[in-house]
Amino acid sequence: MSGTSIVGWGMSLPDKVVTNFDLEKVLDTNNDWIIERTGIRQRHLGGSTESLATTAVSEALKVADLDLDSYGGLILATTTPDKTTPGTSALIHKNLGISGFAFDINAACAGFIYSFVVGHQLVKSMNKPIVIVGSDTLSRITDMTDRSTAILLADGAGSLIISPSDADDCLLGFDLQVDGNLEEILYCDLGGYLKMNGKEVFKRAVRAAEKSTTKVIEESGYTMADIKLLVPHQANQRIMDTLCDRLKIPYERCASVIEETGNTSSASIPLALVDAIKKNRLKAGDLVLMTGFGAGMTWGSALLKWG
Ligand code: COA
């Protein structure tokens, strides 16, 4: 088997739903403003990074239906590990009973793209399936009295399983980038709350995602017209709409769950992709373009062939 395929997928959201109307009661904000500026109507809050990831991966393992002893390992993308050490990935790995390694990657909201690319290389070199999971509990690092972040940030998890297969490689191209000089526009000190310069993040996120996706598409010999589904990091509906406009991708080809989930950092791309998979939006051979950006500033894109 010389190729790779995505053979499993799963997701998890905490039970507790907080609507914009709930936030109106405790913050100087309102439903209309939040919808107009962000596209978010509600978000799910609660759980731990370990518990959300365990549920999402359990679902993905059932879909993949592979021998648990056949796994090469698990990569967790997270900005909010439950402990300083051990890595939260070790605890998820224990809960699932799969074989192989486990490690965490912190590349903020680009973490799922980073993890997917690293995981894909490991599937190729180990010739074993690898679990990728993005899980975050941003509510634990959000100052609920700060309206600039409390309206955006939320909790959730999403997972994919990549396996060796007889098909072509599912990863056709990628771009991973970081600029640590931009640390101050989005950061969280140890034990503190997330601080954000919203306008600056907005501007830079659009530019980075446009440049990165264009690079991947050009290098892989396709055009934006070939993309069946764009799966951007779910940070703000206006960022996604602006990106679609700039890339000339029709809005209906953009996966979006932000209205219901808010920004779940490392979980946001797999949540949007798994939602599209469950709605049967993809068929064999479709091209999927994922792109993410976040604190660091990190950003990255990956082009996938579905099926
Ligand atoms: N509710 C109600 N009003 C608010 C508000 C809120 N939560 N936040 C700001 N406002 C007000 C401001 O006071 C300002 O009022 P004024 O015009 O009377 O001065 C007005 O709304 C516009 O504020 P501004 O900060 O310019 O809003 P914005 O259009 O930049 O939207 C964000 C703010 C945070 C939604 C937007 O900048 C954003 O989404 N940035 C990207 C954030 C992001 O994606 N972060 C994660 C990256 S991984």
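Which strand does M11 lie in? M11 sits in strand β1, where strands are DSSP runs of E with at least two residues, helices are runs of H or I with at least four residues, and both are numbered from the N terminus. This is a predicted model, in which local features need pLDDT of at least 70 and side-chain atom pairs count only at pLDDT 80 or more, while totals for chains, interfaces and linings use all residues. Residues are numbered from 1 along each chain as its sequence is written, and side-chain values use heavy atoms, with hydrogens and water left out.

As for the overall picture, the chain has 10 helices and 13 strands. Its C-alpha trace spans about 55 × 45 × 40 Å along the principal axes.

The chain splits into domain 1 (3-165) and domain 2 (171-305), with bounds that come from an automatic or database domain assignment. Their centres, taken over C-alpha atoms, are 15 Å apart. Between the two, about 3700 Å² is buried, and carbon and sulfur atoms give 69% of that; buried area here is the accessible area (1.4 Å probe) that two parts lose on being put together, summed over both. On the domain 1 side, C109, I113 and Y114 lose the most area to domain 2, together 18% of what that side buries.

Counted by contact (heavy atoms within 4.5 Å), 49 residues of domain 1 meet 44 residues of domain 2. There are 2 salt bridges between the domains, each a side-chain nitrogen of Lys or Arg within 4 Å of a carboxyl oxygen of Asp or Glu. The side chains of K278 and E59 form a salt bridge at 2.6 Å, N to O. Several elements each supply at least two residues to the side of domain 1 that touches domain 2, among them β1 (3-12), α2 (31-38) and β7 (155-165). The largest share of that side, 7 residues, comes from α5.

Back at M11, what does this residue touch beyond its neighbours within four places in sequence? M11 is in contact with A56, E59, A157, G158, L271, V274 and K278. V274 is 263 residues away from M11 in sequence, yet the two are 6.9 Å apart in space, C-alpha to C-alpha. Both partners of the K278 and E59 salt bridge are on the contact list of M11.
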